[in-house]
Amino acid sequence: MDLNHQTVNPYTMLKRFYTLLILAIVVLSCSEESDPKFDSENFTTIFDNYKFSIAYKPIDILQTSDGGYIVLGSRKLNNSSYSGIYLLKADKDGNFVKELEVDENYVNPVGHFTQIGDTYNFFCMQYPSDSLKANIASVDVNIENVTFTPVSSSTPDDINPTYPSVASLVDNNSFLLQCYDHLNRQTALLVVNPTTGAVSAGKAFTLGVGAADNVDEAVQNSFLYAERKFPYEVGKVGGLYFFNGFFKFNFSLVFTDLNADDPNGFVYGQQPDFNGGFSSVVSLGASKFAASTFFFGENYIMPNALIQTSGPSSMTPDQLPGLSFPELVTNANVKILRSNINNKSVLIYGSDTKTKEIGLYFYDEATGEFLGSRYLGFSNPFEIAGIINTSDGGIAVCGTTYVAGRFARICIFKLSKEEIAKNVK
């Protein structure tokens, strides 16, 4: 069955929860309950489903040109160990509009979800044909059609563009793609044309002699959901590109101009079993970054970090100090959003707490000063997937919740600019 042209609406059990989101116990004033503008700018939606065996897990979220939202997610496939592609459209008030289960010949969608013109884009890989090659997937605002553009096999260093891990927009809407070349067992960083899939620049990086088997197993298992997901990331700072991924035995942060055979700089993670590394990293310009790290189960937040982009260095709490966050789960999934709140440049860290809520932590981008916190979630466990700025000056947080503690479902929290302003002192 071709699901690309089929609209399925199983949401007879759709649950809408409109809350202030200040308190999880839902304390609302009468004036706020009766204010339609407030309800459209502050809501929580859980997209429930009568198919209890179905598990849709969000990966990222974008606001669309019509004010609504598209959630990029994954779904379990019956005939493959890889995850399928799932897309969900909601309107500006968080109401369910449409879903799309994408052709099973394309699997393992990865972030970042990006917009170029009228299309919304992500990477996935082709399966089982064409050796798991990376493809650019593009969908329209109404998620009616998905088109696929394979990444060219004509690459520097004869890199095989397989197992896409993460991608972001750089250099006037080129994609910077990190992938794992499983044939040569190496990490690759490629600059990809979003229209043609042509590779204009790229470089491969060794895993280290004797490390290939260990890394290959870890990467394969992470793609098959047998083990934890690794927090891959890519970006650009000045004239250097960077990736957070596997390099020389470790899960490391690597800086490169994509010309020299060796990296310009790198920050080693920690062995054994990849127990230390960056869980998120965002360039703030020059050598300044907003970042977070994991180190043997502990989590550290660094809203104002100076990271060396040249030469080797090591990722340890004493050499790269951060703020310990014991309330986060082990090896926490961390998202960072640059935002403007009360005319102040603010960093919003989103992560998963041990109390099964989504924690939002606000920091002054200029100084790294802690400004406030907020917690999202009620009744069921919640986990973060993505966080974005919205066109009305607020934010939207996409995540997973577990209905009855078991059934994975997608949720969206929307907070207005007035609401998030209350968290920035």
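In the predicted model, F370 is partly exposed, with a relative accessible area of 44%, and the residue belongs to strand β27, which spans residues 370-376. Once its neighbours within four places in sequence are set aside, F370 is in contact with Y361, F362 and Y363. The C-alpha atom of F370 is also separated by 8.9 Å from that of V424, although the two residues are 54 apart along the chain. One of the contacts of F370, F362, is in turn a member of a core of 24 residues that also includes L360, L376 and I387.

At the level of the whole chain, the secondary structure consists of four helices and 30 strands. Of the 425 residues in the chain, 58% are buried, and the chain exposes about 16800 Å², of which 49% is supplied by carbon and sulfur atoms. When contacts between residues at least 6 apart in sequence are considered, 52% of them join residues that are at least 24 apart.

In soluble globular proteins, nonpolar side chains tend to be buried together. In the present model, the largest nonpolar core holds 31 residues, and the members that touch the most other members are L189 and F246. At least two residues of this core are supplied by each of β11 (164-170), β12 (174-181), β13 (186-192), α3 (212-223), β16 (240-247) and β17 (250-256).

A contrast to the partly exposed F370 is provided by N108, which is buried, with a relative accessible area of 3%, and which lies in strand β7, residues 106-116. N108 counts as buried because its relative accessible area of 3% falls under the 20% cut-off. Beyond its neighbours within four places in sequence, the contacts of N108 comprise Y82, S83, F123, C124, M125, F223 and K229.

Most residues other than glycine have a negative phi, and most peptide bonds are trans.

D158 is located in the loop between β10 (146-150) and β11, and is exposed, with a relative accessible area of 63%. N173 lies in the loop between β11 and β12, and is partly exposed, with a relative accessible area of 38%.

Rolling a probe the size of a water molecule over the atoms shows where empty space is left. The second largest pocket has a volume of about 210 Å³, and its lining is formed by S53, I54, R75, K76, L77, N78, N79, E101 and E104. Classified by residue type, this lining contains four charged, three polar and two nonpolar residues.

Note on methods. Residues numbered from 1 in each chain as written. Predicted model: local features only at pLDDT ≥ 70, side-chain atom pairs only at ≥ 80, totals over all residues. Heavy atoms only, no water. Buried < 20%, exposed > 50% of the residue type's maximum accessible area, 1.4 Å probe, protein only. Contact = heavy atoms within 4.5 Å. Areas by Shrake-Rupley, 256 points an atom, 1.4 Å probe, with all protein chains shown as cover. 1 Å grid on protein atoms, 1.4 Å probe; cavity = no way out; pocket = protein on both sides within 12 Å on 5 of 7 lines; lining within 4 Å. Points joined across faces, edges and corners; volume = space filled by probe spheres on them. Nonpolar A, V, L, I, M, F, W, Y, C, P; charged D, E, K, R; others polar. Core = buried A, V, L, I, M, F, W, Y, C linked by side-chain atoms within 4.5 Å.
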